Amino acid sequence: MVTKISVKSLSVSFGEAYSLKDVNIDIEARRILTVIGPANSGKTTFLRTLNRLNDLEDSVSVTGRILLDGQDIYHRDYDANLLRKKVGIIFALPVPLPATVFENVVYGPRRQGVRDRKKLASIAEEALKDAYLWDEMKDRLDEQAMKLSGGQQQRLCIARTLAVGPEVILFDEPCSALDPISTGKIEEAMSELKQRYTIVLVTNNTKQAARVGDKTAFFLMGELVEIGETGGLFTSPQDKRTDDYLSGRFG
Amino acid sequence: MTPKLTQRIAFSALFLITAAVIVPVLTVIVIIIREGAPAMTWEFLTQMPRSGMRAGGILPAIVGTFYLVLGAVLFALPLGLFAAIYMSEYSKDNWLTRLIRLAIINLAGVPSVVFGLFGLALFVGFFKFGASIFSGALTLGVMILPVIITSSREALGAVPKSFREVSISLGATKLQTIKYAVLPHALPGILTGTILGIGRAAGETAPILFTVAAFYLPRLPESVFDQVMALPYHLYVLSTQVPNVDAKVRYGTALVLLAIVLLMNLVAILIRSYYRSRKKW
């Protein structure tokens, strides 16, 4: 297994409060790492640290190292914009920008300076196909993205992220606002996408973690309690707290 | 008292209060239109004043006000917008920025005559632009700057944070994010501030009194360093400084001023409603 991202003694705090304490994880390339844990366990903070989205907050402080392909992404000379092209993120609530479906998908490429209409069209088509949305959208590219259903919007967000050409995709509870059928489509897309991308999925739904995860990490109150192959972790958790959480005794 | 009755009374009270606000405004407008309409001739709008401003037209004042408002907006809109962008998107929230925000809001409440004196000291005196369209427009611009900054900052702040996150997460730089994911959605609010600014700039007398307005100058300006007549000041002159002016000339001038403000606002309102129709979140 090739390690794509290596997280070494990562601690994150907002002002006084610690959100993550001394987390060490190796994220393997072209596999799905699912991150589970109760509310306030730091899993979303962990995810947003991987593409430095927490930088947008004023009070954040990050210690430790995160190596992407061996390079420290928190190093002073590391270009955060370049990082975010390599590490895309899908948010819990789909956030289509108030523009057409097409303009949403090509938002990233346009900002990189791609102007050629044909090139943009082919990028959009490929991204929408990979997000399992092309068949529904190919005749509706000029419609307002806000008019799509929730599930379509979330797949549009996935397509928009894919269009940037990332290597890693972070999913932050992507199905929390979706119905089971839409959830199924997103999971299908994820399982397909891991052939080419490294995926980290934060989810509140342990069943979803069991369905799509290759590896699973359990967070509790900012600490990584346990990480292992998904099958193993779910059938025979090593830590009692993991066992309690998975069997629904707290959380 | 039943909740239903309470509700009825509350609604009636609210309606009456609303009416109490609207009726006087409507009355003023009706009076101005009724008294001013007879003066509305082609001659009145397109000719120079004659016989000590008691006859002829008010063209130089119309042109003067138009230039002054245009100049004020051209100066204050970009400056105010960039200041608002910096304050909303870049500056950190600490005591200094809070103090600056407070100061700007307070500036909006400073009496316009103070801005007039400021313009006289800075633009007319210090920079030696003289009493000119340039000085007057800058003074009016400074006066409407706080309104434009405050409303623009609020409009920018009302754009969902998630738009910024999405844009940044797609690899866009901060500047690109502001340009493509924030600013277009803040435009309606920014234009609201501009509309308020236009109204104020067109109607104020005090700021132009010392910096540009001519008492009687029956010719059109040839450069931005010329003095001009302006409608609000002309109206003041007609009403208090010139004896025996026909009432319809005064009301006619007021009507033209009203119409110009409305017309300028209309343009901004049309642009705003176009952008609002595309706002769907």
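## Surroundings of V60(A)

Leaving aside residues up to four places away in sequence, V60(A) touches V12(A), F14(A), N54(A) and D55(A). The model described here is a predicted one. V60(A) belongs to strand β4 of chain A. Is this residue buried, exposed or partly exposed? V60(A) has 18 C-beta neighbours inside 10 Å and therefore counts as partly exposed; a residue is buried at 20 or more such neighbours, and exposed at 12 or fewer.

A further relationship concerns A17(A). This residue and V60(A) are separated by 43 residues in sequence, while their C-alpha atoms are 9.8 Å apart in space.

## Strand pairing in chain A

Strand β4 of chain A covers residues 60-68, and strand β1 of chain A covers residues 3-14. The two strands pair in the antiparallel sense, over 8 bridges. One of the residues already named takes part in this bridging: F14(A) has V60(A) in β4(A) as its bridge partner.

β4(A) is also joined to strand β5 of chain A, residues 71-72, by 2 bridges, and these strands run antiparallel. Here L67(A) has D72(A) in β5(A) as its bridge partner. Together β4(A) and β5(A) form a hairpin with 2 residues between them. In the turn, D69(A) has a positive phi of about 50°.

## Overall form of chain B

Chain B has 281 residues, of which 41% count as buried. Its secondary structure consists of 11 helices and 2 strands. Along the sequence, the elements follow the pattern α-α-β-β-α-α-α-α-α-α-α-α-α.

The C-alpha trace of chain B spans about 70 × 65 × 35 Å along its principal axes. Among the contacts in chain B with a separation of 6 or more, 77% come from residues 24 or more positions apart.

## Packing of α6 and α8 in chain B

Two packed helices are described by the angle between their axes and the distance between the axes. What are these values for helix α6 (residues 133-158) and helix α8 (residues 174-203) of chain B? The helices pack at an angle of about 155°, and their axes are 8 Å apart. α6(B) and α8(B) are therefore roughly antiparallel to each other. The crossing in which α6(B) passes α8(B) is right-handed.

The α6(B) side of this contact includes L140(B), M143(B), I144(B), V147(B) and I148(B). On the α8(B) side, the residues include V182(B), A186(B), G189(B), I190(B) and L196(B). By class, the contact of α6(B) with α8(B) has 13 nonpolar, 7 polar and 2 charged residues.

## Helix α7 of chain B

Helix α7 of chain B comprises residues 161-169, and its buried residues include F163(B), V166(B), S167(B), I168(B) and S169(B). Against which elements do the buried residues of α7(B) pack? They pack against α8 of chain B, together with α2 and β6 of chain A. After α7(B) comes G171(B), with a positive phi near 90°.

## Contact between the chains

How many residues of chain A are in contact with chain B? There are 22 such residues in chain A, and they meet 19 residues of chain B. On chain A, at least two residues of this side are supplied by each of α2 (80-86), β6 (87-90), α4 (107-111) and α7 (150-162). The residues of the side of chain A that touches chain B comprise 10 nonpolar, 7 polar and 5 charged.

Methods:
Residues are numbered from 1 along each chain as its sequence is written. Chains are lettered from A and ligands numbered from 1 in the order in which they are written. This is a predicted model: local features need pLDDT of at least 70, side-chain atom pairs count only at pLDDT 80 or more; totals for chains, interfaces and linings use all residues. Two residues are in contact if their C-beta atoms, placed from the backbone, lie within 7 Å. Helices (H or I, at least four residues) and strands (E, at least two) are DSSP runs, numbered from the N terminus. Ala, Val, Leu, Ile, Met, Phe, Trp, Tyr, Cys and Pro count as nonpolar, Asp, Glu, Lys and Arg as charged, and the others, Gly among them, as polar. Axes are lines fitted to C-alpha atoms, for helices over the stretch in contact, and angles run from 0 to 180 degrees between N-to-C directions. Angles under 35 degrees count as roughly parallel, over 145 as roughly antiparallel, 65 to 115 as roughly perpendicular and the rest as oblique. A crossing is left-handed if the near helix is turned anticlockwise from the far one by less than a right angle, and right-handed if clockwise. Two strands pair if DSSP finds at least two bridges between them.
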